[in-house]
Amino acid sequence: MTDIQVLAVSARTVSLLLCPPGTRFALPEPVRWTLLDEQGVPLGSGTQTVCALFLDGLSPDSGYRLETSIGTLDFVTEACAGLVEAGDHGVSTGAADNAQAFARAVAAVPEGGTLRVGPGRYPTGPVFLKPRMTLLLEDGAELYGIADRSGWPKLDALDAEGRVLGTWEGVPERCFAALVTAVECDGLTITGRGTIDGGGDRGGWWSWPKETRDGARRPRALQLIRCQDARLTGLTVRNAPSWTVHPLFCRSLHVSNLRIENPPDSPNTDGLNPESCEGVEIACVDFSVGDDCIAVKAGKRVPGGDNSHLAPCRDLNIHHCRMARGHGAVVLGSEMSGGIEDVTVHACAFDATDRGLRIKTRRGRGGFVRRVRFSDVEMTDVPTPLAVNAFYFCDADGKDDRVQSRAPAPRDAGTPEISDITFTGVTATGVTVAAAAVLGLPEAPVRGLTLTRYRVSFDTNAAPDVPLMALHVPELRNAALWSDFAEVAGAPEIMNEREEAPC
């Protein structure tokens, strides 16, 4: 790995990773940079304190050189088949709803072309994109979700061919469309320094988090459904009515240099939820949300029902991200019935999330979580850095005795499996509840969980609290390892108050 990497390049932007040794999200030392064109003419310069570097205002099919204090990198932008200005098709900051104008603008984009949205706030209902186009939101451009949902489009649970279209908590259900919606948009790029504001604080979306109203569930801010080779770079996505960015059944998805933010009290506003996706890279993303930062999903089993919607989520690479606040930093489940496997999380920083790595499931879910690799992560003021819970009390029956009983239940298709989890090279300071809390099922214990070079210091002023959302779990305070029905190799290394974690 070199100290500078191109993560994704479009016709007019590039997403870069600066990663000298010791980098997680913040850089060990500031990095100075200068961008030059093919003739060596300087185009811009700056000093970077975090690993994420996003450059815009570039020309298509052109060569550039980035000179930095940690090295030099050459790159070439992609070609563009044609540039369409949104304003030429009626998109206006003065319109009450720009949805129809955006539809005209998207229709005008040639294959391989770009739709550019200039600076300004554009009130709009859902914008539907198409394959092999680029949506470029310039610095200062904001897609601003309107408060009136009376004419808001809805996604049916299934399309005309019987494929999943709308979902809610892992089950096909009718949903309001996301503010930016892409269905089967292979080769799609959404990029730029602009903002997608989902309008969660308008229209009362947050007042009915678990309900169905007007025949549909709450929308996302940005949703990709059955897209292949899509890229999201540079954007700020915020104020989501429910989950913020929701890729569903996507393949070869790249996400980098995003800022994802929601108020801390906004309900179920997870940051980024890849569901039943394969081949996902999430890099240099800065999270501050009202629920889990990244929540990996694989659908929810319907006992005795049609489960054709289930598919695995696999091959995820999460690196150089920062997670602030949120219920969990990286969460696997609880909708995981299709199976979650081969997830790598490394070189990340977690700040005051309730939990760090969180795995949650329950009887009746079936499926598996396996081959999870967690390394080189620094956590600050995370009460429980590692939480594995097979008794998660979700759904209406979640606290019933058949779900929460510690007596072994018969193994069947609804028995979930958790195995092969490694937690290595992790440092956690200011832990209050437990360094690790691991609770498997008596009929299906957690197997192959390994802790190596896991260094922890405690907040000695902490009050006791319950580490897992399950019944019959004791309150803990400054516990190193609490486990039941689990095979755990290794243990946290407890640092004293004066010992500092290594860089």
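## Parallel strands around β30

Strand β30 and strand β33 (residues 340–351) run parallel and pair over 6 bridges. Pairing requires that DSSP finds at least two bridges between two strands. Strands are DSSP runs of E with at least two residues, numbered from the N terminus. The model is predicted: local features need pLDDT of at least 70, side-chain atom pairs count only at pLDDT 80 or more, and totals for chains, interfaces and linings use all residues. Residues are numbered from 1 along each chain as its sequence is written, and side-chain values use heavy atoms, with hydrogens and water left out.

β30 (residues 313–319) also pairs with β27 (residues 278–283), again in the parallel sense. Elsewhere, β36 and β38 are joined in parallel.

| Strand pair | Bridges | Opposite residues |
|---|---|---|
| β27 and β30 | 5 bridges | V280 and L316 |
| β30 and β33 | 6 bridges | C313 and I340 |
| β36 and β38 | 4 bridges | V388 and V438 |

Now look at R314. This residue sits in strand β30.

Beyond its neighbours within four places in sequence, R314 is in contact with C277, E278, G279, E341 and D342. Contact means heavy atoms within 4.5 Å. R251 lies 63 residues from R314 in sequence, yet the C-alpha to C-alpha distance is 9.9 Å.

A separate group of 6 strands forms an open sheet, ordered β29-β32-β34-β36-β38-β40, with parallel pairing. Its edge strands, β29 (294–296) and β40 (479–484), each pair on one side only.
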